[in-house]
Amino acid sequence: MGITLPQNIQSRPVTVVGGGTLGSRIALMFTTQGGKVRLYDPSEEARQHAVDFVAENSADTVALVDGGVAGSLETGDDLAEALKGSWLAVEAVPEHLDLKKKVFGQLDELSENDTILASNSSSYPTSSMIDNVATPERVVNMHFYMPPAVRVVELMSDGQTDQRVLDLLLDTLPGYGLYPFEAYKQSTGFIFNRIWAAIKRECLSVVAEGVSTPQDVDRIWELALGTGPGPFRLMDQVGLDVVLDIENHYAKERPGLPEGPRKLLRRYVDEGRLGVKSGRGFYDDYRDN
Ligand code: NAD
């Protein structure tokens with residue numbers, strides 16, 4: 001059965017489901033063309049934080065977008081209300097598969113028949129979230145990085161996504177100052193996270209084998225590529241526990257990956273050296289941050 005694509009999208013709202021770190025940033029990007037964004041989050045604190053974040057960053061972000069005009073943000077704790085009339089719903093709830101499955105069931109049931117249902121999940125393909133969805137053809141992975149600083153968006157089918165949904169998003173998202181790219185096959189880590197995972201893994205191997213130190217690798221990186229900070233500084237910023245979870249996820253899917261990187265990360269995590277958030281990681285100089 002074919003799905004109906006949303007029409008008149010310029011005059012219809014976008015709904016963001018989950019307004020934490022990424023949800024508030026996604027909402028910000030969709031308020032750059034004068035339209036309405038609705039953000040649903042059960043937490044009042046998260047909703048307030050999102051309102052403050054959008055207000056603080058709106059002018060600078062609108063200025064990044066060709067022909068940008070500040071739109072409006074409404075927040076609430078009623079999902080059905082938040083979805084009324086929307087052409088697109090973007091899920092950005094915590095990274096727990098059971099929660100994602102539940103939320104996608106609700107989105108399928110409560111949204112308009114033509115609403116595109118997207119997930120911002122970093123590690124789960126939407127193919128794993130659609131058990132309770134009657135129309136998987138309108139579901140898609142839509143993976144943001146850290147907008148407005150990084151405005152790349154990776155799009156990926158759930159295996160049954162209507163290609164017209166992907167094409168519509170590829171056409172429409174640049175209007176919001178975003179740079180969409182399609183992953184042409186299902187891929188854990190989409191395009192760039194997967195490449196970045198390989199870079200991190202080899203850097204960790206080099207240190208785990210005693211070939212070099214985090215500080216020297218970062219310095220070489222900066223001198224060779226002319227960009228900084230290097231991979232070890234960046235891993236400290238993300239959190240070494242999170243980096244370890246990500247690597248464990250890849251290792252589960254791809255038997256044969258070297259164990260050295262995970263062992264090295266495990267040692268740091270067991271010592272409470274989680275990076276910036278614990279004051280120490282590969283570097284020791286975060287105590288005053
Ligand atoms: P977060 O914890 O900052 O925010 C999650 C929000 O979801 C919270 O405000 C919470 O109150 C809300 N929430 C909880 N249950 C909900 C429900 N049933 N319905 C609606 N909202 C609910 O998480 P985050 O870092 O923004 O991550 C969200 C998603 O984005 C995850 O799938 C993650 O993989 C993905 N992502 C995160 C990053 C990142 O750097 N943080 C980058 C790209 C993608």
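The model is predicted, and its protein chain contains 10 helices and eight strands. With 289 residues, a compact globule would have a radius of gyration near 19 Å, and the 20 Å of this protein chain agrees with that expectation.

**Overall form and contacts**

- Along its principal axes, the C-alpha trace of the protein chain spans about 60 × 40 × 35 Å.

- Of the 289 residues in the protein chain, 50% count as buried.
- The protein chain exposes about 14000 Å², and carbon and sulfur atoms supply 51% of that area.

**The nonpolar cores**

- In soluble globular proteins, nonpolar side chains tend to be buried together.
- The largest nonpolar core here has 31 residues, and those with the most contacts inside it are F30, W87, L88, M142, F144 and L169.
- At least two residues of this core come from each of the strands β1 (14-17), β2 (36-40), β4 (88-91), β5 (116-119), β6 (139-144) and β7 (152-157), and likewise from each of the helices α1 (21-30) and α5 (163-172).
- Helix α1 gives the most to this core, with five residues.
- When residues up to four places away in sequence are not counted, L88 touches P13, V14, T15, F30, T115, I116, A118, M142 and L169.
- Another core, of 16 residues, lies apart from the largest one, and L264, L265, V269 and F282 are among its members.

**A closer look at P214**

- P214 has its place in helix α7, which covers residues 214-225.
- P214 counts as buried because its relative accessibility is 7%, and the cut-off for buried is under 20%.
- Leaving out residues up to four places away in sequence, P214 touches V207, F232, F282 and Y283; of these, F282 is also one of the residues of the 16-residue core.
- P214 and M235 are 21 residues apart along the chain, and their C-alpha atoms are separated by 10 Å.

Technical notes: Residues numbered from 1 in each chain as written. Predicted model: local features only at pLDDT ≥ 70, side-chain atom pairs only at ≥ 80, totals over all residues. Heavy atoms only, no water. Helix = DSSP H or I, 4+ residues; strand = E, 2+ residues; numbered from the N terminus. Rg over C-alpha atoms; globule rule 2.2 N^0.38 Å. Buried < 20%, exposed > 50% of the residue type's maximum accessible area, 1.4 Å probe, protein only. Areas by Shrake-Rupley, 256 points an atom, 1.4 Å probe, with all protein chains shown as cover. Core = buried A, V, L, I, M, F, W, Y, C linked by side-chain atoms within 4.5 Å. Contact = heavy atoms within 4.5 Å.
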